[in-house]
Amino acid sequence: MTVYGAFLHSGSFCRNAFNLLDLLVVSVSLTSFFLHSSAISVVKILRVLRVLRPLRAINRAKGLKNVVQCVFVAIRTIGNILIVTTLLQFMFACIGVQLFKGRFYRCTDEAKHTPDECKGTFVVYKEGDMNHPMVRERIWENSDFNFDNVLMGMLALFTVSTFEGWPQLLYRAVDANAINRGPIYNYRVEISIFFIIYIIIIAFFMMNIFVGFVIITFREQGEAEFKNCELNKNQTDQFFSLFCPTQRQCVYYTLKAQPIKIYIPKNPSQLKFWRIINSSQFEYVMFVLILGNTLTLAIQHYEQSKLFTSVMDILNMIFTVIFTIEMIIKLMALRAHHYFIDPWNSFDALIVVGSVLDIVVSEFSGGGGHGEGGGKGESGKVSITFFRLFRVLRLVKLLSKGEGIRTLLWTFVKSLQMFHYATKRSLYDWLMLWMLLTCATGEQWQQIMLGALPGRRCDPEADVEPGEEYTCGSNLAYLYFISFFMLCAYLIINLFIAVIMDNFEYLTRDWTVLGTHHLDEFKRVWSDYDPEATGRIKHIDVVTMLRRIQPPLGFGKLCPHRVACKRLVAMNVPLLPDGTVTFNATLFALVRTSLKIKTEGREDSRSRSRVWKRRPVDQQNEELKIIIKKLWKRTKPKLIDEIIPPPRGKTQNCQKPIPEKWGI
């Protein structure tokens with residue numbers, strides 16, 4: 001407030017809604033801190049507003065904004081579904097009241113069937129032990145979920161739609177006898193049709209339509225953001241329009257990308273090992289060995305014979321020796337510094353060291369095996385089981401061997417990033433979060449709700465005065481837990497599914513759509529032509545390189561050489577005087593062409609004689625420079641001039657001399 005001012009001028013502290021919320025929370029907290037009288041207990045209730053403070057983080061995180069926006073849009077979109085579902089719930093509840101009102105009562109003593117009989121005490125035996133009888137009072141009680149009125153009927157049916165505790169409710173309905181009469185086993189089995197029809201209509205159809213609308217809404221929000229951010233070059237009011245997320249991410253990646261330097265040893269003997277580890281035969285052999293190790297782990301079982309255990313131990317030693325030799329060969333080829341730069345190599349080294357320790361500890365512990373009764377090491381200071389986990393970790397090496405597996409792994413990582421939001425909380429807060437997480441998964445959430453109702457005995461450690469042991473809980477528990485379950489189980493949890501589906505679809509979608517995950521392939525292929533990472537290659541190597549890169553970024557190996565040359569000419573890649581092209585300029589031209597960033601009115605290679613077709617290209621290049629400078633102010637002017645061709649006549653580019661050299 002001191003920095004921004006109170007409220008008189010624009011941009012002041014009190015003119016921001018989140019600042020007003022923070023001011024309210026702080027004021028209420030200070031008031032409740034200094035005033036402890038029971039007469040102002042309402043002030044303590046207002047302290048609940050402090051839980052709204054984390055919502056301020058939404059204003060600073062764009063990802064959270066998108067999720068919250070999707071939640072509100074989904075709530076508006078599915079309003080009609082909620083209305084229809086509520087009306088159906090009301091209709092079934094009315095039918096349930098007519099069928100079951102007053103019929104869910106029973107006596108704690110199952111031998112009594114009327115309220116008049118359910119009086120006095122009776123004897124029960126703990127766990128059927130006749131030597132430990134216990135005396136209990138007979139109580140005529142109603143079911144927690146019943147159909148005595150429409151509201152209770154809707155609550156009972158809602159729990160049925162969540163598939164939590166519905167078999168018990170079904171059994172009560174089947175055993176229901178008459179009003180104020182105890183149950184009779186399987187008195188009306190045909191009444192189960194009521195619950196079957198309800199589950200089919202509400203739980204199977206309406207609830208899944210609800211889930212489908214949430215996923216569709218999330219997808220439509222992403223598509224709307226993508227469509228609305230397209231740059232319309234025919235309108236001057238969008239001259240300073242920002243890139244859409246995909247364009248911005250790819251352009252930013254291009255500006256920050258650097259070529260990869262490949263370590264190629266100079267020593268002839270070291271070079272031999274380097275060629276071995278980079279050969280495809282070496283990769284295939286290691287892949288087969290990993291699969292073999294996986295098979296040996298999969299066939300182990302409980303109560304295996306000593307011979308089988310000994311064979312497994314020998315195979316484990318063989319695999320450990322082979323993987324150790326692999327690590328040594330890579331260390332000899334790359335040396336320690338270049339070896340541990342690669343995260344996968346570091347992970348392999350960790351597995352090898354752990355596997356060797358597994359064998360050493362097993363031998364010195366006296367067990368020498370991993371079968372049953374495998375020695376003293378299981379109870380020693382160092383657990384053999386811990387080191388045996390490194391054998392299982394070898395399976396993780398398979399993640400780096402297949403494109404499909406890497407796609408799934410990338411989907412998992414990107415989905416986690418979408419929901420990355422963590423705060424520091426006390427142990428009590430984490431227990432509350434754990435309880436709410438249990439409710440969100442639908443596991444006995446209705447029992448937690450019943451435990452929060454009034455009339456239940458308070459926890460012995462609760463902060464209550466003597467005589468107030470039964471004052472805990474509130475009828476608001478109905479509203480709180482039902483709304484929480486609907487919001488989390490049917491909306492937020494399904495947003496996780498929507499995000500995972502969206503990321504997986506993004507990674508496996510049509511080849512014509514470019515994403516940031518495609519750009520790493522360019523860096524890898526470029527390094528084969530520029531192992532020293534100078535950032536330049538000869539222009540005659542560009543076509544061959546781009547044919548090695550699959551669409552949407554490159555041309556693909558199926559693209560004819562002549563067609564690839566024409567496409568490269570149309571990309572207008574700046575050509576340096578020494579006949580080379582730069583790393584960033586080539587990558588930017590590929591991204592710009594694929595995403596159609598300021599590419600309207602490009603000059604056709606067959607109509608270079610028409611000057612009026614050249615002018616829009618220079619104009620679009622200047623506009624693109626201004627937009628990049630506006631978005632990324634710290635970008636060096638030299639880099640911008642490198643990736644965007646200057647006006648014609650000031651420099652040489654790939655459109656003029658190259659076609660003659662390629663025979664076009």
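Let's start with F147: leaving aside residues up to four places away in sequence, F147 touches A93, G96, V97, F100, K101, F104, G153, A156, L157, L169 and F195. Keep in mind that this is a predicted model.

The largest nonpolar core has 44 residues, and F147 is listed with F100, L169 and F195 as having the most contacts inside it. Several helices supply two or more residues to this core, among them α4 (79-100), α5 (150-161) and α6 (166-175). The most comes from α7, which gives 10 residues. Apart from this core there's another one, with L519, M545, L595 and I644 among its 41 residues.

| Core | Residues in core | Some members |
|---|---|---|
| Largest nonpolar core | 44 residues | F100, F147, L169, F195 |
| Another core | 41 residues | L519, M545, L595, I644 |

Now for a helix pair. How do α10 and α11 cross? The axes of α10 (residues 280-298) and α11 (residues 306-341) come within 11 Å, crossing at roughly 155°. Angles over 145 degrees count as roughly antiparallel, so that is how α10 and α11 run relative to each other. Their crossing is left-handed.

On the α10 side, the contact is made by F282, M286, L289, I290, G292, N293 and T296. Across from them, α11 brings M312, L315, F319, I322, F323, E326 and K330. By type, the residues in this contact of α10 with α11 come out as nine nonpolar, three polar and two charged.

Conventions
Residues numbered from 1 in each chain as written. Predicted model: local features only at pLDDT ≥ 70, side-chain atom pairs only at ≥ 80, totals over all residues. Heavy atoms only, no water. Core = buried A, V, L, I, M, F, W, Y, C linked by side-chain atoms within 4.5 Å. Buried < 20%, exposed > 50% of the residue type's maximum accessible area, 1.4 Å probe, protein only. Helix = DSSP H or I, 4+ residues; strand = E, 2+ residues; numbered from the N terminus. Contact = heavy atoms within 4.5 Å. Axes fitted to C-alpha atoms, helices over the stretch in contact; angles between N-to-C directions. Parallel < 35°, antiparallel > 145°, perpendicular 65-115°, else oblique. Left-handed = near helix turned anticlockwise from the far one by under 90°. Nonpolar A, V, L, I, M, F, W, Y, C, P; charged D, E, K, R; others polar.
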